[in-house]
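Welcome! Let us walk through a protein model together, one part at a time. Have the picture open as you read.

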Amino acid sequence: MRKIFRNIHLWLSVPFGILITLICFSGAALVFEKEVMELCHHELYFVKKVEAAPLPMEQLMTKVAATLPDSVSVTGVNISSDPERAYQVTLSKPRRASMYVDQYTGEIMGKYERAPFFNFMFRMHRWLLDSMKQDGGIFWGKMIVGTSTLMFVFVLISGIVVWWPRTRKALKNSLKIVANKGWRRFWYDLHVAGGMYALVFLLAMALTGLTWSFQWYRTGFYKTFGVEVQPSMGHGNAAANATAKGGKREESPEERSGSPKERSRSPEERSRRPEGRSKSPEGKSGRPEGSREHSEGREGRKHSPYTNWQQVYEQLAEANPDYKLISVSDGSASVALPRFGNQRGTDRYKFNPRNGEITETTLYKDLDNSGKIRGWIYSMHVGSWGGMLTRILTFVAALVGASLPLTGYYLWIRRLMKRKIKREAIH
């Protein structure tokens, strides 16, 4: 039996090893992207001086909106519980666009831009630098990453079968990494012991990562948790339109990664409206009622969408004194609390943009599986579910995962060379 698994382990590792190394290494590089960006660009994310009280939110949002072209609008604001962190103002486009503003002085600190290094690593991790085909062609990069990840699962499982010791003493010895008995022993110990130490985290990353690669896998994975998935359209669409047994729909990654305002719309509204624009009740092209920019001289505006954002924020902050982040947009808001587990889990609210009255509350703890599963998948994949400790362990495990194929190649090539030497000696 071990011989069969040894062959499975070897002949899957040889062709997919380099790809697994690239995927694991690029994934490790992304774990602390936020911390690295904040360290390198501290002046963008943090205010210069904390004052007694921030400026009114309407004033801040209006100032940001005045700097934007007509085709771009302010869609929301993210407010941290840390008074030193600048307000993050989300924009209608491009995707994930945002600006930072000093809430005490009104100074616009700059626009968020993903660093080229992290953009490169993200594209490497997800698609091996490939791009989605606009004509609907096969997304080869995504397929190769998914296939390599699936093979990695079999490599990990077969490796445990091959190297799992039969006695407690052997187990103790197999978990040691000896560095003073030659390179071969060191690489062997790093391969075996490293794989055992990182096994659980590597399997968690691989099994959750596959949900972004294959529709059939995502369907089965979600069904395990009572969520039914309808097939998505197109090769590059990373998410399915998941529907729970109770009829609720799960957001796709594209929808979840959009702005708070965009996430607040129904799927039907998102599919009908061009980005940043909508049909008004009178049928004229413009922004939704109550979401027009507050600037003088534009078509006689009577209402600013930001008028009651401050009021809504203060209500939610008072009701949730231990909040981590509060997001407010036109007619909706969310509160993220410091918790272990799903780091994307938030309590969601709807409010009347005209008077700031909260009209609907949806607490995270009351959601069914369809409202929680995607956040859980993401939190498990990036290791954020247990806070900083699990993120560090995930980072280390990803680096170990990147090293496993390299140490495996070394041991395999060395074994082939020894066999060749033996055959030559015989002849």
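## Naming the parts

Helices (H or I, at least four residues) and strands (E, at least two) are DSSP runs, numbered from the N terminus. What you see is a predicted model, where local features need pLDDT of at least 70 and side-chain atom pairs count only at pLDDT 80 or more, while totals for chains, interfaces and linings use all residues. Residues are numbered from 1 along each chain as its sequence is written, and side-chain values use heavy atoms, with hydrogens and water left out.

## The sheet

Let us begin with the strands. Strands of a sheet pair through backbone hydrogen bonds, either parallel or antiparallel. Here, two strands pair if DSSP finds at least two bridges between them. In this model, eight strands form an open sheet with antiparallel pairing, in the order β4-β3-β2-β1-β10-β11-β12-β13. The edges are held by β4 (108–111) and β13 (358–362), each of which has a single partner strand, so one side of each is left without a neighbour in the sheet. From one strand to the next, the twist averages 20 degrees. The angles in this report run from 0 to 180 degrees between N-to-C directions, and axes are lines fitted to C-alpha atoms, for helices over the stretch in contact.

Now follow some of the pairings. Strand β10 (residues 325–329) and strand β11 (residues 332–336) run antiparallel and are joined by five bridges. Look for Val-328, which stands opposite Ala-333 in β11. Four bridges join β11 to β12, again antiparallel, and Ser-332 stands opposite Lys-350 in β12.

## The β12 and β13 hairpin

β12 and β13 also pair in the antiparallel sense, over four bridges. Arg-348 has Thr-362 in β13 as its bridge partner. The hairpin of these two strands has six residues between the strands, and Gly-356 takes a positive phi near 80 degrees there.

Which residues lie on the covered face of β12, and which on the uncovered one? Asp-347, Tyr-349 and Phe-351 make up the covered face, while Arg-348 and Lys-350 make up the uncovered one.

## Helices on the sheet and beside each other

Helix α4 (residues 57–66) lies across β1 (74–80), β2 (87–91), β3 (98–101) and β4, and runs at about 130 degrees to β1. Helix α13 (residues 309–319) lies across β1, β10, β11, β12 (347–351) and β13, at about 150 degrees to β10.

Next, find helix α8 (residues 183–209) and helix α14 (residues 373–382), whose axes come within 8 Å and cross at roughly 140 degrees. α8 and α14 are therefore oblique to each other; angles under 35 degrees count as roughly parallel, over 145 as roughly antiparallel, 65 to 115 as roughly perpendicular and the rest as oblique. Where they meet, Ala-204, Met-205, Thr-208 and Gly-209 in α8 touch Ile-377, Met-380 and His-381 in α14.

## Loops worth a look

The loop between β2 and β3 holds Pro-94 and Arg-96. A cis peptide bond joins Lys-93 and Pro-94, with omega about -5 degrees. Arg-96 has a positive phi of about 65 degrees although it is not a glycine. Is Arg-96 buried, exposed or partly exposed? Its relative accessibility is 45%, so Arg-96 counts as partly exposed (buried means under 20% relative accessible area, exposed over 50%, partly exposed in between, with a 1.4 Å probe and protein chains only).

In the loop between α5 (116–127) and α6 (140–163) you will find Leu-128. This residue, also other than glycine, has a positive phi near 50 degrees, and at 22% relative accessibility Leu-128 counts as partly exposed.

Tyr-364 sits in the loop between β13 and α14 and counts as buried at 10% relative accessibility. Tyr-364 touches several residues beyond four places away in sequence, including Arg-339, Asn-342, Asp-347 and Trp-376. Between Tyr-364 and Asn-342 there are 10.0 Å in space, C-alpha to C-alpha, and the two are 22 residues apart in sequence.

## Cysteines

A disulfide is a covalent bond between the sulfur atoms of two cysteines. In this report, a disulfide is a pair of cysteine sulfur atoms within 2.5 Å, and the structure holds zero disulfides. Cys-24 counts as buried at 9% relative accessibility, whereas Cys-40 is exposed, with a relative accessible area of 53%.

Conventions. Contact = heavy atoms within 4.5 Å.
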